[in-house]
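Here's a quick briefing for anyone meeting this structure for the first time. Have a look at it, then read on for the pockets, the cores and the charged pairs.

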Amino acid sequence: MAYDHQNIFAKILRGEIPCTKVLETAHTFAFRDINPARPVHVLVIPKGPYITWTDFATLASPAEQTDFVRAIGEVARLEGVTETGFRLINNNGEDGHQEVPHLHVHLVGGASAGPMLRRAEG
Ligand code: 5GP
């Protein structure tokens, strides 16, 4: 699947759609989710055109990958959830229920994330 440069996060990265920025580094951007599921709900995205974790793992440079991992840790620190805990969620593709086709990690915290996924019915 080719990267869609008109996806909503590509537009946010280009400044065409407003967002509430939390952190920006050389290769990574973090901003608040428009529909937060917990008091803290930040989306962390690479600046490069990667759709899924697989794309990022295979195509991104080591510098981009390192920057992304470190930025997620820094967002947790900035949001004050390092001690209280948080959950990272990354949805990929159809079965992952990924809505926006630009890699993003949800960092949610500030309240209990609840239990892990349950076994699907049927
Ligand atoms: P996904 O289901 O793809 O893992 O998550 C996409 C996330 O993007 C959702 O949590 C949704 O609330 C968020 N989102 C969708 N459109 C926008 C937007 O225009 N601005 C921001 N800040 N978040 C958005």
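The lining of the second largest pocket splits into 9 nonpolar, 1 polar and 2 charged residues. Keep in mind that this is a predicted model.

**Second largest pocket**
- This pocket holds about 190 Å³ of space.
- Its lining includes Ile8, Phe9, Ile12, Phe31, Arg32, Asp33 and Leu43.
- Helix H1 (8–13) and strand E2 (28–32) are the elements that give two or more residues to that lining, with H1 providing the largest share, 3 residues.

**Largest pocket**
- The volume here is about 560 Å³.
- Out of 22 lining residues, His41, Ile89, Asn91, Gly96 and His106 sit closest to the centre of the largest pocket.
- By type, the lining of the largest pocket comes to 10 nonpolar, 8 polar and 4 charged residues.

**Nonpolar cores**
- The largest nonpolar core has 18 residues, and the members touching the most others are Ala30, Val42, Val44, Phe68, Val75 and Leu107.
- At least two residues of this core come from each of strand E1 (21–24), E3, helix H3 (62–78) and E5, and H3 gives the largest share, 5 residues.
- Leaving aside residues up to four places away in sequence, Val42 touches Val22, Ala30, Val75 and Leu107, among others.
- There's also a second, separate core of 7 residues, with Ile12, Phe29, Phe31 and Leu43 among them.

**Salt bridges**
- The structure has 5 salt bridges.
- One of them links Lys47 and Glu24, with the closest N and O atoms 2.8 Å apart. Lys47 is in the loop between E3 and helix H2 (53–59) while Glu24 is in strand E1, so the pair ties together parts 23 residues apart in sequence.
- Both ends of that pair are partly exposed: Lys47 has a relative accessible area of 33%, and Glu24 comes in at 41%.
- Glu79 and Arg32 meet in another salt bridge, 2.9 Å from N to O. Because Glu79 lies in the loop between H3 and E4 and Arg32 in strand E2, this pair connects parts 47 residues apart in sequence.
- Glu79 is buried, at 19% relative accessible area, whereas Arg32 is partly exposed, at 35%.
- Glu74 pairs with Arg77, again by a salt bridge, and their closest N and O atoms are 2.8 Å apart. These two are 3 residues apart in helix H3, so about one helical turn separates them.

Methods:
Residues numbered from 1 in each chain as written. Predicted model: local features only at pLDDT ≥ 70, side-chain atom pairs only at ≥ 80, totals over all residues. Heavy atoms only, no water. 1 Å grid on protein atoms, 1.4 Å probe; cavity = no way out; pocket = protein on both sides within 12 Å on 5 of 7 lines; lining within 4 Å. Points joined across faces, edges and corners; volume = space filled by probe spheres on them. Nonpolar A, V, L, I, M, F, W, Y, C, P; charged D, E, K, R; others polar. Helix = DSSP H or I, 4+ residues; strand = E, 2+ residues; numbered from the N terminus. Core = buried A, V, L, I, M, F, W, Y, C linked by side-chain atoms within 4.5 Å. Buried < 20%, exposed > 50% of the residue type's maximum accessible area, 1.4 Å probe, protein only. Contact = heavy atoms within 4.5 Å. Salt bridge = Lys/Arg side-chain N within 4 Å of Asp/Glu carboxyl O.
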